[in-house]
Amino acid sequence: MNPASFPEFLEHQGGPGIPPFLSGLAHIELSRHKSITAEIVPLEINSLSLNPTLHITPVAWKNLAPLFARAKKRDIDKVVPGNEIVITWSLPDNGKLKIRAAEPGDLLAIKLVVEDIAPPDAAREAGVPVGTIDAVIREAVWQGLVLSPPSMLCREQDIAEFSPREDCVAAEVFSLQWHLTQECDLHCRHCYDRSSRRAFPFERALTLLDELRAFCRSRFIRGQVSLSGGNPLLYPQFLDLYRAAAERDFMIAILGNASDRNTIERIVNIRMPVYYQVSLEGLEQHNDEIRGTGNYHRTVNFLRMLTEMGVPNMVMLTLTRHNMDQVIPLAEELEGITGGLTFNRLALFGEGAGLELPTPVEYREFLEMYAAALDSHPVLSLKDSLLNTIFERDNSGLFGGCAGYGCGAAFNFVSILSDGEVHACRKFPSPIGDILINSLEEVYASKAASRYRSGSSACAGCSLNAVCRGCPAVTASLGLDPFTDKDPYCFRQQITSPI
């Protein structure tokens, strides 16, 4: 008998001991066979498409799919009459077969892709935010039901032979570090910018979110907005903007100061942030000298509250010569209170120019100490790209560097100031456009942005280029050219020498 006709044959058979749902099992088994034998992934795709191994099988019984993973009597007893759609497919990355009952989101994603329905049109028809539709498609891609082209957010000059990992060439997420307002309830001694700037116009903020969505969809990546300031919570329309970002399915981070429980509950009720980042500059005495009396206790109590509420949170420290020796003790105090502690080196701009950086030798000693403390201090996180020089020497595995791909300035993030200025990085003057005049696409495509994306020519031949590039903000703050000079703290050539 032809296998394709066997399920139909079983529909007309019966008798003692023959389960009435046997033909349904046979239909699923046939789809399973087709999924296994189908070619998994097309060689090249340039748009969203269905997984060619996907098969959709309507059956007249519910709970048949679990029988293909296990065959306990209790599972058979759960099979009951009722219409159900079973989907079978092979995962595109490893070929593993999947079988389960289709969920409404699966069927919607399949319909959108097959009929080439634009998410905004589907959102209007359903009366939901467009981000709801985007999330359905994203989930289908994650499940392997829908295939997406690879990320098109690539550095122009990246060369595979210089990259220690293939996934360092293209980014999967693009972020706006968005300084909504200059208003701040603190006056930190290392602040990069205390100039008077107007708050970002709300109407332009909404159109910018739409531009970010289009920017990311055209490159098959996710979008993130990292809301900062000043204190972003002091932006008059903060919750409205936060809701608008959530409605477009962006990941949302908050880079701000301690706040009250009611405000955080209102934020979480809209969408849980991917993280809430606050700053501490060392132990209590030093921190309060930089950030104001009482700030340490207020911030630590806020972190406890966030952790209790289940809000992901982390601490950023601006590293100077005078707080290097406090990082590990601070990690010990923050263990169990926050999800991560990391640092950025001070860039000598703004009011931070009055502070002091460590010497290169002191900094190398600090990084060696930091790397050695990682295993015993789980709260410590990785950010400074120069740590990769130590990991390379110790053959302990590289990490993505400052922004996941080394320095991500004008590559997988840009910084937008409250008056519309766009900079490659907020830590130093690096203008690449004006978002109140130009679109996000125009700013990103500008020659100025491309120049920052290329990084320093001094790093061009380095095998760590894709996960390092040093810190151009520190380089520029020491009077060097970030386009031709390497980070003066780079010690890769001397890494085997004693300190």
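How many aromatic pairs does a search of the whole structure find? The search finds 18. Rings of Phe, Tyr and Trp (its six-membered ring) count as a pair if their centres lie within 6.5 Å; planes under 30 degrees apart are called stacked, those over 60 edge-to-face, and the rest tilted.

The model is a predicted one, in which local features need pLDDT of at least 70 and side-chain atom pairs count only at pLDDT 80 or more, while totals for chains, interfaces and linings use all residues. Residues are numbered from 1 along each chain as its sequence is written, and side-chain values use heavy atoms, with hydrogens and water left out.

The sheet comes next. Helices (H or I, at least four residues) and strands (E, at least two) are DSSP runs, numbered from the N terminus. Two strands are taken to pair if DSSP finds at least two bridges between them. Strands of a sheet pair through backbone hydrogen bonds, either parallel or antiparallel. Here nine strands form an open sheet with mixed pairing, in the order β13-β12-β11-β10-β9-β8-β14-β15-β16. At its edges stand β13 (341-345) and β16 (431-434); each has a single partner strand, so one side of each is left without a neighbour in the sheet. From one strand to the next, the twist averages 25°. Axes are lines fitted to C-alpha atoms, for helices over the stretch in contact, and angles run from 0 to 180 degrees between N-to-C directions.

Within this order, strand β9 (residues 222-228) pairs with strand β8 (residues 173-179) in the parallel sense over seven bridges. Trp178 has Leu227 of β9 as its bridge partner, and His179 has Ser228 of β9. Four bridges join β9 to strand β10 (residues 251-255), and these two strands also run parallel. Is β9 enclosed or open? Six of its seven residues are buried, so β9 is largely enclosed by the rest of the structure. Buried means under 20% relative accessible area, exposed means over 50%, and partly exposed lies in between (1.4 Å probe, protein chains only).

Helix α7 (residues 202-218) lies across β8, β9 and β14 (413-416), running at about 165° to β8. Contact, as used here, means heavy atoms within 4.5 Å.

The loops around these strands hold some backbone features. Most residues other than glycine have a negative phi, and most peptide bonds are trans. Phe220, in the loop between α7 and β9, is not a glycine but has a positive phi of about 55°. Phe220 is partly exposed, with a relative accessible area of 22%. Asp249 lies in the loop between α8 and β10 and has a positive phi of about 65°, although it is not a glycine either. At 6% relative accessibility, Asp249 counts as buried. A cis peptide bond, with omega about 20°, joins Gly229 and Gly230. Gly230 belongs to the loop between β9 and α8 (238-247).

Two of the aromatic pairs can now be placed. A pair of aromatic rings is described by the distance of the centres and the angle of the planes. Phe343 and Tyr370 are edge-to-face, at 5.1 Å centre to centre with 75° between the planes. This pair links distant parts of the chain: Phe343 is in strand β13 and Tyr370 in helix α13 (residues 360-373), 27 residues apart. Both Phe343 and Tyr370 are buried. Tyr405 and Phe411 are also edge-to-face, with 5.9 Å between centres and 90° between the planes. Tyr405 counts as buried at 12% relative accessibility, as does Phe411 at 0%. Phe343 and Tyr370 also belong to one aromatic cluster with Tyr363, Phe366 and Tyr489.

Rings also meet charges. The charged end of Arg219 sits over the ring of Phe215, 3.7 Å from its centre. A charge sits over a ring if NZ of Lys or CZ of Arg is within 6 Å of the ring centre and within 35 degrees of the ring normal.
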